[in-house]
Amino acid sequence: MTDYCRVIGQNGSPYSVKMRAIFRYRRIPHLWQQRTPEQQEETAHVRPQLMPMVLFPDGSDWRVDSTPIAYELEERYEGRSILPDDPAARFLSDLIEDFGDEWLTKAMFHYRWFYATDRDYAAWWIASDRLPAATPLVDRRDFAREIGARQVSRMALVGCTEANRPVIEESYRRTLEALESHCGIGAFLFGSRPALGDFGLFGQLKTLSDDPTPRDEMRRLGPTVLHWVRQMDDLSGVEGEWRSPETPTPDAVAALLRICGEAYLPYLKANVEAAEAGKEELSLTIWGRPYAQASFRYQVKCYSRLRSLYARLEGDAKDRADALLGPSGCLEWLA
Ligand SMILES: N[C@@H](CCC(=O)N[C@@H](CS)C(=O)NCC(=O)O)C(=O)O
């Protein structure tokens, strides 16, 4: 038994920094540990082998998957919740988190492994964070080459192809434009305190703000977003409030929902249809451009989770959520 959690991850892993930022904001005692070979050996039995991994003080086994872990933290630790009180805002936050985790991540993975400069930068970053500095340089270089080759071989599987590049890069630009005029000190998506949706975006944007090509794009199109991303990394000193349901929702939320309604949710629907029809590939048109990739089982679950969260909304909260989900084109995919 300890009186702190352990979080194993890497600085270059979007879901790891998302998790760490949640622990920091929520002031939950924890150790942050880089995933070195030593940590890898200790957690070799954990399935799936994904970062981040979290160990609770009670000695139960390691957890993986940042969304269920964030929810478990809500059950285990009181105060500084990242789930908005208002059910409408809570649902929108869940949707935006899922968009970050499952769609914006395509931009993260694409920029990182498509462009040679980014590929070299990221592979060496991962090698430097994974292997002790005493590891001979030649071995670190080999490791970087192997990790780069492995990630490049996974690109098509997650939709990061040359053909999908215009849609993926457009999603990134639209996300920056959506956030640029809103975010900053005291300005999160659902009030002056951060919600799970902010953290979902943050994880991917943190990596995008570090890798060379998307970092330049962020400096150009979203300089304020870049500063906000740095703020998000450690919000332990923030004391804020949720926006009251009567206060108008910022344009940033509506703009993000439009990306969900026009790109992410139609993609999720096409993914389910492909899976149900036993088809290996899904294809659809997004912003007048073709998008195709292998169907993905995990994201079938994401879609059904979002739909069941939406189905739980009722009364006034449902009306308020619908007033935003309708015009943004989300409603037809959720109802
Ligand atoms: N849905 C998971 C995704 C986690 C994930 O994909 N983590 C990546 C790193 S960012 C990973 O561990 N990939 C396997 C690897 O790099 O070996 C979450 O939210 O935590």
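The model shown is a predicted one.

**View 1. The loop residue Tyr 77 and its contacts.** Tyr 77 is found in the loop that runs between H3 and H4. Because 15 C-beta neighbours lie inside 10 Å of Tyr 77, this residue counts as partly exposed, a class that falls between buried, at 20 or more, and exposed, at 12 or fewer. Once residues up to four places away in sequence are set aside, Tyr 77 touches Arg 26 and Ile 28. Arg 26 is 51 residues apart from Tyr 77 along the chain, and the C-alpha atoms of the two are separated by 8.5 Å.

**View 2. The shell of residues around the ligand.** Surrounding the ligand are Ser 13, Pro 14, Tyr 15, Leu 50, Met 51, Asp 65, Ser 66, Thr 67 and Asp 101. Two elements, helix H1 (14-26) and helix H3 (66-76), each give two or more residues to this shell. Sorted by class, the shell around the ligand holds four nonpolar, three polar and two charged residues.

**View 3. The meeting of domain 1 and domain 2.** The protein chain is divided into domain 1 (5-76), domain 2 (87-110 + 161-334) and domain 3 (112-158). The centres of domain 1 and domain 2, taken over C-alpha atoms, are separated by 23 Å, and twelve residues of domain 1 are in contact with 19 residues of domain 2. On the side of domain 1 that touches domain 2, the elements giving two or more residues are H1 and H3, and H1 provides the largest share, eight residues. That side of domain 1 is made up of seven nonpolar, two polar and three charged residues.

View 4. Helix H12 (residues 297-311) has 15 residues and reaches 22 Å from its first C-alpha to its last, which is close to the 21 Å expected at 1.5 Å a residue. Buried in H12 are Gln 299, Cys 302, Tyr 303, Leu 306 and Tyr 310. Seen down the axis of H12, these buried residues fall within an arc of 95°, and therefore they line one face of the helix. The face turned away from the buried side of H12 carries the exposed residues Arg 297, Tyr 298, Lys 301, Ser 304, Ser 308 and Ala 311. Helix H4 (87-114), helix H11 (251-276) and helix H14 (331-334) are among the elements that cover the buried residues of H12.

How values were computed: Residues are numbered from 1 along each chain as its sequence is written. This is a predicted model: local features need pLDDT of at least 70, side-chain atom pairs count only at pLDDT 80 or more; totals for chains, interfaces and linings use all residues. A residue is near a molecule or strand if its C-beta atom, placed from the backbone, lies within 6 Å of it. Helices (H or I, at least four residues) and strands (E, at least two) are DSSP runs, numbered from the N terminus. Ala, Val, Leu, Ile, Met, Phe, Trp, Tyr, Cys and Pro count as nonpolar, Asp, Glu, Lys and Arg as charged, and the others, Gly among them, as polar. Domain bounds come from an automatic or database domain assignment. Two residues are in contact if their C-beta atoms, placed from the backbone, lie within 7 Å. The expected span of a helix is 1.5 Å times one less than its number of residues. The arc is that of the directions from the helix axis to the C-beta atoms.
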